[in-house]
Amino acid sequence: MSRVLFVTSEAYPLVKTGGLADVSASLPAALRALGHDVRVLLPAYPLTQAPASHHAARFSVGRYAVDLWQTTLPDTGVPLWLMACPELFDRPGNPYLDAHGVDWPDNATRFDLLCRVAARIALRQAGLDWQPELVHANDWQAGLTPVHLANQPYRPPVVFTVHNLAYQGIFDRPTFDALGLAPALWHPDRLEYYGRFSFLKAGLVYGDWLTTVSPGYAREICAPEGGMGLDGVLRARSDRLEGILNGIDTRVWSPEDDPYLPAQYSARHPGDKRRCRYDLAEALGFGHSDAPMAGFIGRLVAQKGIDWLIEALPAIIQRGVRVVVLGDGEARYTEPLRQLAAEHPRQLAVILGYHEPWAHRVTAGSDLLLMPSRYEPCGLNQLYAMRYGTVPVVHGVGGLADTVRDPDRSDPATANGFVFTEATSAALLTTLDRALVWFQRPSDWRRLRYNGMTGDYSWTMRARAYDTVYRQALADRPRPGNTHPEAIAAGS
Ligand code: ADP
Ligand code: GLC
């Protein structure tokens, strides 16, 4: 079993903007259960629930003094290093954005530091008495990690995981120079990207093995339609690219044991889901009714197809469906939502902001979860929904297509949700209509719900797939004289 450094920019419950945080807590825990010595490296933002920690190391990286504080990820026992550099990370709000929703202007410097510190730890140059045999870096924020290791004769291999290809960490040439990256890296086969450079591309080119979060998304990103300008790079590395579905933390997401719910229930005893629904309807001011309740939870951005939902909402409301939208995001979506909710207060509720307890209540209290994502690398909400007996209606892309089975397209005996393939608001509506027909047939609906609730979404099998990738990466790990073919000094 291996020593693994897991590098990430967010981890539940300390700091979360999306699914990366969930995965960054639950995957390391699952890998530890398999026997790997996984430790997480995370920037020290002003953390709300920071557990007791002790000082582990202090060193300088360029002009920045860095302190490593050692603690554990709450509820998992996973060792965690918080990388403190107050000048860059001790800021209010979002890890990536300022109070106005604009990227912090020094994001390149901030996350380059994360990568450099990861490389220090990987090379046992951080003053810790621990050295990983393998580094697992996640998303663009950790993308320069393999670049800072590339020319080292004795270095651990790097597995680089793409959770979302849309966020590419793109910056300009002066930023590249300011980071002190070697000029030779400014090349279309390396970091340069249409006159600028990309942290994500760096991870894709220099990572020894690449993974992404579903087999479907792994295929999509190798094609021009899904490759977001990086499909060529990905195709060139497709022999080292693996799609592994995300699992979920069944201790955090479990209707049998969820402290946020007014009642607990299970696949065998689903009766009290009704109480959760009643409680949600009351809280939203909908009053008591047997009309179906549909939920949407997610970032209010184009990726999530929220515009398709907004377009379909008047028709959905007309059908008598009650809808609750929980999300945080762009004003071009929040404004029409607010307006529609004001017009239909007993059928549409919009909860703006990021609220963990509401996410649980909406997941449990809804009959249907709407997830019309334009693209979805994996998606966790449909997995949480199915576990809570909430039937997903999804656009069949990426991880949604890999996890949701439609009764009209596959064996109804094993179906667990509804899938539309055409990328339009009208397709969402007609598929919701199909779902509503099933909703009127109690025994069919119970079976859909049961199939969803009894599906295996745990990390058990999926962590084994990472274990296999780790073994492959270690088997052909870089040796002296066998450094990365593109190895180039990364600068100071
Ligand atoms: P993504 O990572 O693209 O945002 P995922 O489905 O993988 O999508 O994960 C989203 C995670 O964020 C889930 O855990 C979901 O419950 C949570 N989430 C999203 N928006 C909110 C919100 N407004 N309030 C609470 N939780 C949210
Ligand atoms: C990203 C993706 C989402 C995925 C999550 C965790 O944010 O958008 O589909 O589930 O990462 O891997």
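How far from an oxygen atom of ligand 2 does a polar side-chain atom of N246 lie? In this predicted model, the distance is 2.8 Å.

**Figure 1. Polar side chains beside ligand 2.** This view shows N246, N164 and E376 in the predicted model. A polar side-chain atom of N246 is 2.8 Å from an oxygen atom of ligand 2. For N164, a polar side-chain atom lies 3.3 Å from an oxygen atom of the ligand. In the side chain of E376, an N or O atom is 2.5 Å from an oxygen atom of ligand 2. Taken alone, ligand 2 exposes 310 Å², and the protein buries 93% of that area.

**Figure 2. The shell of residues around ligand 2.** Ligand 2 is surrounded by 14 residues. The closest are H163, N246, E376, C378 and G379. Sorted by class, the shell has six nonpolar, six polar and two charged residues. Helix α1, residues 19–33, gives the most to this shell, with three residues. Domain 1 (3–247 + 461–475) and domain 2 (273–453) each supply at least three residues of the shell.

**Figure 3. Polar side chains beside ligand 1.** The residues shown here are K16, R299 and N381. A polar side-chain atom of K16 lies 2.8 Å from an oxygen atom of ligand 1. The side chain of R299 has an N or O atom 2.7 Å from an oxygen atom of the ligand. For the side chain of N381, the distance from an N or O atom to an oxygen atom of ligand 1 is 3.1 Å. Ligand 1 exposes 560 Å² when taken alone, and the protein buries 94% of that.

**Figure 4. The shell of residues around ligand 1.** Which elements give two or more residues to the shell around ligand 1? They are α1, β13 (293–300), β14 (322–329) and α13 (381–387). The largest share, three residues, comes from β13. In total, 20 residues surround ligand 1, and the closest are K16, G19, R299, K304 and G353. By class, six residues of this shell are nonpolar, nine are polar and five are charged. At least three residues of the shell come from each of domain 1 and domain 2.

**Figure 5. Where domain 1 meets domain 2.** The domain assignment of the protein chain gives domain 1 (3–247 + 461–475) and domain 2 (273–453). Taken over C-alpha atoms, the centres of domain 1 and domain 2 are 32 Å apart. In this view, 22 residues of domain 1 are in contact with 16 residues of domain 2. The size of an interface is often given as the accessible area lost when the parts come together. Between domain 1 and domain 2, the buried area is about 1,300 Å², and carbon and sulfur atoms give 55% of it.

**Figure 6. Two backbone details in loops.** Most residues other than glycine have a negative phi, and most peptide bonds are trans. The peptide bond from Y12 to P13 is cis, with omega near 0 degrees. P13 is in the loop between β1 (3–7) and α1. Y194 is not a glycine, yet it has a positive phi of about 50 degrees. The place of Y194 is the loop between β9 (192–193) and β10 (196–198).

Technical notes
Residues are numbered from 1 along each chain as its sequence is written. Chains are lettered from A and ligands numbered from 1 in the order in which they are written. This is a predicted model: local features need pLDDT of at least 70, side-chain atom pairs count only at pLDDT 80 or more; totals for chains, interfaces and linings use all residues. Side-chain values use heavy atoms; hydrogens and water are left out. A residue is near a molecule or strand if one of its heavy atoms lies within 4 Å of it. A polar contact is a pair of N or O atoms within 3.5 Å; within protein, one must be able to donate a hydrogen and the other to accept it, and residues adjacent in sequence count only if both atoms are side-chain atoms. Accessible areas come from the Shrake-Rupley method with a 1.4 Å probe; for residues, only the protein chains shown count as cover. Helices (H or I, at least four residues) and strands (E, at least two) are DSSP runs, numbered from the N terminus. Ala, Val, Leu, Ile, Met, Phe, Trp, Tyr, Cys and Pro count as nonpolar, Asp, Glu, Lys and Arg as charged, and the others, Gly among them, as polar. Domain bounds come from an automatic or database domain assignment. Contact means heavy atoms within 4.5 Å. Buried area is the accessible area (1.4 Å probe) that two parts lose on being put together, summed over both.
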